[in-house]
Amino acid sequence: MYQYKGLEDTIAAIATPAGQGGIGIVRISGQEAIAVADAVLRLYEDRALAQCKSHTVHYGWVINVKTKEIVDEVLVTLMRAPKSYTAEDVVEINCHGGTTVLRAALQAVLNAGARLALPGEFTKRAFLHGRMDLAQAEAVIDVIQARSETFLRQSHYQLKGELSTQLNAMRDELIKIYTMVEALINFPEDGIDAQNRRDILNRISIQEKGMARLLESSKNGRILKEGICIVLCGKPNVGKSSLLNALLKEQRAIVTDIAGTTRDVLEESAQIKGIPISLVDTAGILEPRDLIEKESVSRSQLYIKSADMVLLVLDHSRPLEAQDMKLMEQLKAARVLVVVNKADLGGQIDIRVPQQIFGQEHVIRASALEHQSIQELEAKIVDAILKDKNYDTHGILVSNIRHIKALEAAQKNLQAACRLMDGNISLEFISEEIKAAVNQLDAITGRNIDEDLLDRIFSEFCIGK
């Protein structure tokens with residue numbers, strides 16, 4: 001069991017982002033949260049916060065205890081245990097949102113006896129008090145860091161406990177199977193026949209398949225969480241920058257008729273069908289003429305090699321040239337969509353060449369300037385990215401790498417148990433594999449967690465959450 005030595009401390013931190021804003025919040029949590037707040041507050045109604053009801057808001061002032069001067073005019077929210085985020089007494093002081101005034105208010109609270117909270121310590125307390133399990137706690141940071149509405153929705157599902165519910169159902173069934181196997185081990189006189197072994201094997205197999213489905217969802221879950229990198233490449237003046245602007249739906253790259261306008265890598269963020277995308281516009285220079293162009297070409301090549309996908313841009317209005325052929329040869333092994341741009345102009349390109357190299361389904365005619373076929377291109381990008389084209393963003397998608405590794409280990413345990421059961425191996429070995437799978441599920445929800453790992457998980461949170 002994880003021993004948290006600082007649980008008896010009252011902690012405080014600024015809970016809102018740094019910088020100026022309309023409101024900034026100082027959060028206090030712990031057994032003495034109300035007493036600490038009362039030490040620095042003067043309420044308009046001229047009574048102590050300790051005399052107020054839970055889940056009420058009060059107008060007043062934060063006072064510098066030493067100088068008796070007013071630090072700020074505030075609204076104070078009181079939430080008594082256990083009906084608070086941490087399941088402890090919580091006081092939130094809503095100040096004006098300036099850096100100096102927030103620091104002054106926080107310092108007053110610390111001087112009154114609170115300790116500065118560690119990163120993620122409020123959420124850690126919520127976990128330790130049973131307010132949420134570890135999978136839900138990790139979803140908090142996913143909500144904060146979500147780069148798309150689709151992943152935000154997924155994070156809220158996990159925060160509500162939908163993944164935990166499914167994992168706990170698996171765990172409950174595995175515990176039942178484990179208990180059955182242990183009973184057969186401890187009471188051998190009852191014997192185990194072929195039908196018993198088949199029944200146990202089928203029940204283990206059902207849980208293994210459930211884990212397989214969760215792991216299959218992780219392929220798309222990771223994409224929604226982390227996004228992908230798409231690199232635009234092509235010879236000069238084929239319209240790469242125009243295509244970048246079309247996908248961004250705003251003018252970010254400079255577009256001119258002069259070949260080689262883009263001389264360095266330009267990286268921008270976008271969303272395509274709910275997927276976070278980093279779009280990289282590379283210089284169209286293939287043969288550098290000076291040191292600057294040489295460095296630009298080198299950087300472009302690095303981006304192309306590390307890209308999740310490459311959009312190779314060709315010019316519909318011109319015949320294929322040696323530079324085009326060289327790029328197509330270099331990209332044969334990559335995940336490529338060929339965009340034959342400037343389709344609004346007369347066609348001189350032999351489109352059969354890229355179709356033969358990359359496949360007809362991976363070549364699309366478009367016009368970035370006229371916004372022709374841009375939506376079709378976006379659909380092709382999504383289809384090429386996602387492993388399961390019919391994925392449901394309203395279902396559970398596993399995205400946390402820690403959860404994925406634990407599920408993979410649990411699945412291997414159950415696969416081993418199935419092999420042992422099928423091979424008439426002693427039940428003791430099967431029991432151990434089932435127990436190991438349960439421990440892996442418990443590691444996800446926090447029933448069984450290493451102390452150092454727990455500290456590492458919450459250290460990734462911001463202070464104040």
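A crossing of two helices is right-handed if the near helix is turned clockwise from the far one by less than a right angle, and left-handed if anticlockwise. The tour of this predicted model begins with a pair to which that term applies.

**First stop: helices 3 and 15.** Select residues 121–128, which form helix 3, together with residues 451–459, which form helix 15. Viewed as a pair, helix 3 passes helix 15 in a right-handed crossing. The two axes come within 9 Å and cross at roughly 135°, so helix 3 is oblique to helix 15. Display the side chains next: Thr123, Lys124 and Phe127 of helix 3 make the contact with Leu454, Asp455 and Phe458 of helix 15. By class, the residues of this contact comprise 3 nonpolar, 1 polar and 2 charged.

**Second stop: helices 8 and 12.** Select residues 240–248 for helix 8 and residues 374–385 for helix 12. Their axes come within 11 Å and cross at roughly 80°; helix 8 is therefore roughly perpendicular to helix 12. On the helix 8 side, show Leu243, Ala246 and Leu247, which meet Ile374, Leu377 and Glu378 of helix 12. This contact contains 5 nonpolar residues, no polar ones and 1 charged.

Select residues 401–422, the 22 residues of helix 13. From first C-alpha to last, helix 13 reaches 31 Å, close to the 32 Å expected at 1.5 Å a residue. Then centre on Asn400, which caps the N-terminal end of helix 13. A side-chain oxygen of Asn400 lies 2.8 Å from the backbone nitrogen of Arg402. Finally, move to Asn424, which follows helix 13 and has a positive phi, near 60°.

Conventions. Residues numbered from 1 in each chain as written. Predicted model: local features only at pLDDT ≥ 70, side-chain atom pairs only at ≥ 80, totals over all residues. Heavy atoms only, no water. Helix = DSSP H or I, 4+ residues; strand = E, 2+ residues; numbered from the N terminus. Expected span 1.5 Å × (residues − 1). Polar contact = N/O pair within 3.5 Å; in protein donor to acceptor, adjacent residues only side chain to side chain. Axes fitted to C-alpha atoms, helices over the stretch in contact; angles between N-to-C directions. Parallel < 35°, antiparallel > 145°, perpendicular 65-115°, else oblique. Contact = heavy atoms within 4.5 Å. Nonpolar A, V, L, I, M, F, W, Y, C, P; charged D, E, K, R; others polar.
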